[in-house]
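The following exercises concern a predicted model. Each task is followed by a solution in steps.

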Amino acid sequence: VKTRILELLALAAVVAAAAAAAGCGSTSDTSLRDSLDALRTPAATVSSTTPTLNPLAGLVQQVDLTLSPLCVNTEASLRPTELPTPGRMPRGSFMRRIEQRGHLVAGVDQNTLLYGYLDPFTGRLQGLEIDLLRNLATAIFGNPNAIDFKVLTTADERLQDVEDGSVDVVADAVTINCERLQDVAFSTVYYDAQQRILVPSSAKARGVQDLGGKRVCARAGTTSLDNITKQPSHPIPFPVEQRTDCLVALQEGRVDAITSDDSILRGFQVQDPYTKLVGSSLEPEPYGMVIAKSHPDFVRFVNGVLARMRADGSLKALYHKWLGTSAPHVPRAQYRN
Amino acid sequence: VPRRCERLEHADSSTEARQEYATRQAELLRALVCGTPLPGGFDASRARAVGEALVRKRARAVARALPGLAASLGDSHSSKFADYARGEPPHDNDALGDAIAFGSFLDRLRTLDARARRELLLARMEYATDTRARRRRTPLVGAMLDRARGRVLVAVYAPALGVIEVTLPFRSPFRRQAEGVKTYLEGGWPSRGTSETIRRVTSSGSEAIGASATRESLPTAWLRDRAATTPGRLRLLAALLVLVVLAFGVVASIAVRDRQQAAHSAAAETEPLLVQADVLSRSLSDADATATTTFLTGGIESPARRQRYLHDLRTASAEVTALAEEVHGSTSANAAVATIATKLPVYSGEIETARANNRQGLPVGAAYLRSASGLMRGTIVPAAARLYEVEARRLATDYGSGVSASAVVAVAAMALVALGLLILSQFYIARLSNRVLNIALLAASILLIGLTAWALTGFALEQSRLSTAQRTGSDSVEVLSATRILLLRAQSDDSLALAARGGGDQYTADFAAVMHALGPPDGSHGLLADASSLAARTHADASFDDFTRTLRGYEAVHRRIGVLEDNGKFPKAVSLAVGRTEKEAPLADRLNGDLKRQISAAQSRFENAATDATSALHGLLPGIALLTVGSALLVLIGLGFRIREYR
């Protein structure tokens, strides 16, 4: 009987041991969950307005806008006033505010060879537009380096940043047109570009008419992209965020052609000799510097600087410095009051 | 003359007369039992009468031995036996043997019904196993087919249990159909539509089958028969005990095997895969961060950065190749490996194009770098993160099954049942035999208790070590490697934002999101809170404090760079980040180094504990087999003694 009592005790011990075994050593997946949650942090995106690809929408808007007095002659800008001495901007003017800040803030691109690009070796921005802006800084401060460049990554930023005042001026191959004139002011034309087509040297296409059903790259939010969607041969538009992304897409065979301004396309040709410009101009693309509508004094000041550069030949010299012998004529300034 | 009759001769022939006498006696005997011609000197009619009387006596004995056979033959039994006996001498004083021989003779002629044949089969089993001087020690199986009732009767003899009879239904679909048709024909023409009648007929057919099934449920009857006698009850008890003990062994083996597999899988398969996936993610992120930083510094790239990038890329390709071979089963893991394997060459191609263009001072190089970085951050790194997640979840599953309470509960429950039964039977036997101690049964109980204790201790050890492996090892590995991947992402964000020179708002926002996920360095929330509590748990506070101090410094420098960026002072910002006056990059490198050291420390903690966990169950499987079989044998021995007392 004693042994059996012992056995019963052992039975009870089994139950106790089992309870202990089940209780000790539990696991939890809190760390796992937290780690995975943290790793799943989504890539942050900045909301940007998507360019309208519907050609009809643009058309309707344009019909309305052509009635605007600004659209009678889009290239006509405010007549310049006499330039004040550098460092002594008139009291109460926008230039005075810039002067007090200590530097000009200018929106530029850093990927467009010849116009505005970053030299990978020096880490400095340079190009035709950069030099233009330095001239502007010289006119305000007497110092070409009193300038902070803000790199613009999307085409829409070129207008938005001027409107919201985060930059004073933008020189980034912005075409003057009626629609944009509703939102911002432009300087006189500092460069007359033409929208052209760039294809690989081996391509048979001789113009936009041969590109039906082909993918044609252009920067999103530009006039070039709008134009290509309106072509009767119906090329397939391929929008990219930054201009030079088109050259990557062409070199990797993702697109069949690039459409942009001849100025930009020449820069592409320098970077890739196995390309050629084809066809005639699709549309003239007059470039102006973008300035907020609320600063007409600054527009007149910028136009004054441009007029002086036209007169003393320094604009022509800049053309030669960056574009060489293929440089076009310096466009004539047109003014309104 | 039948062969057996020739042997009926007297062996002793020492003298002429004796031999003569013996010969005549043998001849007479042969004539009487086998119907050979009568030797001279005997009255033929009397001799025939004696012979017939002898055969009738044999027939009566045979009828007593196999009553079912006799009943099924009825009146023809004696005449049939007489026909048979004319050619067959009696078995040596053995009515059962004689009856089996007669039954077999009739069975060969296919004249027996099922009842008689069942009796014959059971008698044969009994005869083969029990009538000899010793009981048979090996199992024996006999079977018969009862065509008429569509069933198979299987008789199994097992030592210590006796003969067990099992009836299995044996019914071909053809036969059932034929029966249905037969019922239909007998039922006459349908009165209310054909389909209904057929349904009725079919259902009546299935009713018939059901009825026969209840009639054939013999196990209850068999049990009743067995339980009627004490040795029968003891045999049943022995069978039950053996069954329960063996079942305990099976359950315990399964539980131990499951635990062993889980612990082994965690230690040797999933965790190493997790580490590989982490190395992959980390080297991909680092390659991208290095490539962007290299571009940012401008000029001729530094050989150290180039080496780091190449090393990262080499590591990533090696890991992705290794993982491709080791990732099985999971489609999402396979898809992730395929994505990385196909996109990584595209990435490195674009990076090289970017370098070539940068060397010529062409801005398209920057565009290639952006494209490559977009591919890495948008496609390749997320795929690596998915892979990491799959492996991390597999490890969690391994932990779950490695510490699941179901194993302990199952083993304990089975042990309770087996021990309870053993103890109850000892009480029962003690009452039955008035013997206090059944040594064999007691030994069996002790074996079982010992085995249970061993198994439960093993489980508890394995469980606590596995939990240690997780709590101090892999938890830290997971949190720290997630931290490292996020920090690398932040670094790459930082470089890309600087490279965009004020245009990289999305990178700045991503940097902020990543830092938010990490939480502040004081560890009040976010992933760093986990890291901080893990550091406290693993007594790694000192190195974690070092890390947070560096992180504070890093964030301070980042803020300074942010201010410079906001004011448009990009050259100064770049210089502070990675250039001549660099402050940020060395801090980032130190953060990476710190994390690397902490991760490898956590990894070795994991490995030690996980190895201990697997060794906790060493030897348990063979132990279970040995001890359960041992106690089953002891049960048989212990009850065998008692059973034999009734023979």
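**Exercise 1.** Determine which residue of β6(A) is the bridge partner of A:Ala106, and describe how the strands pair.

*Solution.* Step 1: the bridge partner of A:Ala106 in β6(A) is A:Phe149. Step 2: this bridge belongs to the pairing of β2(A) with β6(A), residues 147-151, which is parallel and runs over five bridges. Step 3: β2(A) also pairs with β7(A), residues 169-170, in the parallel sense, over two bridges. There, A:Gly107 has A:Val170 as its bridge partner.

**Exercise 2.** Decide whether the faces of β2(A) are covered or open.

*Solution.* Step 1: a residue is called buried when its relative accessible area is under 20%.

**Exercise 3.** Characterise the interface between chain B and chain A.

*Solution.* Step 1: 72 residues of chain B contact 58 residues of chain A. Step 2: about 5,400 Å² is buried between the two chains, with 62% of this area from carbon and sulfur atoms. Step 3: there are two salt bridges between the chains; one of them joins the side chains of B:Glu389 and A:Arg40 at 2.9 Å, N to O. Step 4: on the side of chain B that touches chain A, α16(B) gives the largest share, 19 residues. Step 5: the residues of that side comprise 40 nonpolar, 18 polar and 14 charged.

Note on methods
Residues numbered from 1 in each chain as written. Chains lettered and ligands numbered in written order. Predicted model: local features only at pLDDT ≥ 70, side-chain atom pairs only at ≥ 80, totals over all residues. Heavy atoms only, no water. Buried < 20%, exposed > 50% of the residue type's maximum accessible area, 1.4 Å probe, protein only. Helix = DSSP H or I, 4+ residues; strand = E, 2+ residues; numbered from the N terminus. Pairing = 2+ DSSP bridges. Contact = heavy atoms within 4.5 Å. Buried area = accessible area lost by both parts, 1.4 Å probe. Salt bridge = Lys/Arg side-chain N within 4 Å of Asp/Glu carboxyl O. Nonpolar A, V, L, I, M, F, W, Y, C, P; charged D, E, K, R; others polar.
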